[in-house]
Amino acid sequence: MNRRAFLKAGSLTVSSLVIGVNSAEAGTGLVNLSEQMAGKALVSLEVSPLVILENTGKIILMAHKPEIGQGTFQSMPLIVAEELEVSLDQVEIRQAMADKKFGNMGVGGSYSVRGEWANLRKAGAAAREMLTQAAAKTWNVPVDECYAKDGKIFHKPSGKSLPYGALTEIAKTIDVPKEPKLKDAKDFRLVGKPSKRPDIPAKVTGRAKFGIDAEVPGMLYASVERAPVMQATVKSFDDTATRKMPGVRHVLKAERKMYKNTFQGVAVLADSYWAALQGRRALKIDWDNGPHAAFNSTDITTRFKELAKTDGHVDTSKGNFDEAFAGAARKLEAEYELPFAAHAPMEPQNCLASVKGDTVEIWTSTQLPDDVQKETAKYLAIPPENVTVHVMFVGGGFGRRLFLDQVMEAVYLSKQVGRPVKVVWTREDDMAGGPFRPATYSLLRAGFDAANTPVAFQHKVVAPSINDTQFGSKDPAKRQDDGAMEGLKEAPYEIPNLTYNNIFADVPVPMGWWRAVYSATTCFAHESFVDEMAHAVGQDPLAFRLNLIGKNVRMKNLLRFLRDQSGWEKPLPAGWGKGVAFWQFFAGQAGHVVYVSKTDKGVKIEKIIAAVDCGTAVNPDNVRSQIEGGTVMGLTAALKSALTFDEGRARQTNFHDYQMLRLNETPPIEVHILPSSESPIGVGEPGLPPAAPALANAVFAATGKRIRKLPFDINDLG
Amino acid sequence: MAVISLIINGKKRTINTDPQMPLLWAVRDVVGLKGTKFGCGMAQCGACTVHLNGKPIRSCITPVSSVANKKITTIEGVGSETRLHPVQQAWIEEQVPQCGYCQSGQIMSAVALLKTNPDPTDAEIDQAMSGNICRCGTYNRVRKAIHRASDLLKETALTTK
């Protein structure tokens, strides 16, 4: 419910206490906005919109982030409920629509819980303190004789109590505490315990509404024939056959703005999606393929290999690598090749937009509701408050829905035809349309002294820049991006002479943030090569890593935890091998041990043990879910399809040639959460990066075959 | 265009549509049941799974005219939140869904499996469920939930006896 609807509904009978913290503002202080509300029919207190207490007893907690599968629809309200002293079955969780009052509504970077933890607790605690004071005032007793529990305030000496609803009116007259007292972690009732997600019943009965399920009266369905070559433009098109087809209403040139790029297509708008699709297939389009019609993966690999010989930009440097490497008693060098990838969320891109004059209403699956509002406003040159964004359940994000091109496309078409338009992409549109995970190419070198101690280490990363392809400058001097070096900066290994180089690679294809971003590829190279180093000096790969970790106590503890939970030191059955990898980056930290057994020509994954240090695990069962999912996505990228280019276009178009790991191929995955009372850190992405290198390291241990290129065929190692 | 009668979740629906339109779009956009999902359009992912006379089919490649007057069951016909099917109950107990988009199809495949094989082995689950893709990677939980649903069905059978 938006603010206006809320006021309207509540104006006659309901008095509300709205409290919370606006995390977007520079100060996260709590502000009493009751003054601003003066003169309106509803007398209420609004600090910020996250917590709504009605005098009917209803407690509404706003879910101000989209639910993309990561569980924030529950985990964030749960944190508020913890401090507010209510159980989850006493509250109504309501999905917020885009509104600047909610601050940053975006979901990405495994950020939601770690970023909002303090603010959410403060919001719940402030409400609890105000209600406690209201009760003390009502009973005329000292406030420290009162306490909150299960949605009521109790007076300790007398045992009497009042529910929150009965205290709402009086609580409105109390100043919002600037620094409410937060609970001690030992008193947590909800945080740290597995709890069931409230979105799941809707998702098992088909009732959950995703972007693709939105509809309004009078809407048209659109299907867009897209440029076959990236950046191709429409010279002309013949829609004679299309226009004769039943149900087809409009055929027009379409545009799709994705940050700095605008892509062209021809849209068919019809009464049904099927009719739009049939009409699209009957189009005859003459394309100008532009300068990138010859772009292909073979050339890219050749170019990346050449670039790896250069030094690019030195991102991190310690000691003197060149000197130490030149003088090393033993040297090791290897190159690793990681492919482009598509996000391939199960829900293809879609958006329903209705442009009426200078207002727009949008229903979509997005990771960035507030940016949908701002970018649409900018695109149409209208005020952001004229853009209403309905935040739907999201059928998978993985970074793809941090891009708003599907929204811009629907907005453009609706504006052109003056009717609501729902654009639904085919799987082929989604798979081949980009943006794609950047391919990266790594060159690594290590030098050991005579005692087999590593003394020199280099990792060069050749990578296209996401930022450059999306926002970049045309000025070559400005085209540098150290984003590709995420994770390496946090690498816990201490080697006295070390360099990390970033080598910029230009590509004519839009790149995108894909789950775990650059760590999804660079961790494979880094953690495989560290494994090569351990084997080169005949050491146990896990012990070798432990010895190399210096000051990073947290990572050392995580690796020891993983060692113990995985049974690393136990003897293996004949024909088995084990591999380990772990990784720390902006999103958080996790590690895997993979056990494989030899088969005829390949290996079988017997089991995977993952360990994660996520600080306080808000909902441990959901943490496990996220790590399981990250592991599966990591294995999929390691074992199934690469996204490749030929003649300027993505070669893979659907799940037959861009394959996903399936249930019958998924090994048992055990997830262990390192006990911790630190503040939460991310769980959405950390389960992905170490899965593939741990697997490849296990393959080496079992078979002696070193995997330096993904994907690889687990059934035939060649 | 043709007038076609469908029996969806026990109710007769008569629609006027292109006979070649896939059942998926007829169910979603003409009949208005949105629980069945579009994933690939070529029977590769299983998100659109519905039952035809109790057997799982891919509605995205099934022309609507080919199922006229035959019994179709969609996720909405399996059970509601107040009357859950044991498979749905098990899905909640094991907290299977993440984004949830593929789960209607997963559940339709699982319900069909348990109907013919109430106590499937892991190998039989592999066989029945490998046509359903989940990009969130909930497969281990899907497997556990099918075993759980099998137990629930046995308990229900005992109580009814």
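Modeller: Let's start with a hairpin in chain A, made by strand 11 and strand 12 with 2 residues between them. In the turn sits Y259(A), whose phi is positive, at about 50°. Please keep in mind that this is a predicted model. Strand 11 covers residues 248-258 of chain A and strand 12 covers residues 261-270, and the two run antiparallel, joined by 10 bridges. For one of these pairings, look at A254(A): its bridge partner in strand 12 of chain A is G265(A).

Now over to chain B, where A26(B) belongs to helix 1. A26(B) counts as buried because it has 28 C-beta neighbours inside 10 Å, and 20 or more are needed for that label. Setting aside neighbours within four places in sequence, A26(B) is in contact with I15(B), T17(B), M21(B), V31(B) and V64(B).

Finally, let's see where the two chains meet. The contact takes 48 residues from chain A and 45 residues from chain B. Several elements of chain B give two or more residues to the side that touches chain A, among them helix 1 (23-31), helix 4 (103-116) and helix 6 (139-160). Helix 6 of chain B gives the most to that side, with 4 residues. By type, the residues on the side of chain B that touches chain A divide into 21 nonpolar, 16 polar and 8 charged.

Note on methods: Residues are numbered from 1 along each chain as its sequence is written. Chains are lettered from A and ligands numbered from 1 in the order in which they are written. This is a predicted model: local features need pLDDT of at least 70, side-chain atom pairs count only at pLDDT 80 or more; totals for chains, interfaces and linings use all residues. Two residues are in contact if their C-beta atoms, placed from the backbone, lie within 7 Å. Ala, Val, Leu, Ile, Met, Phe, Trp, Tyr, Cys and Pro count as nonpolar, Asp, Glu, Lys and Arg as charged, and the others, Gly among them, as polar. A residue is buried if 20 or more other C-beta atoms lie within 10 Å of its own, exposed if 12 or fewer, and partly exposed in between; C-beta atoms are placed from the backbone. Two strands pair if DSSP finds at least two bridges between them.
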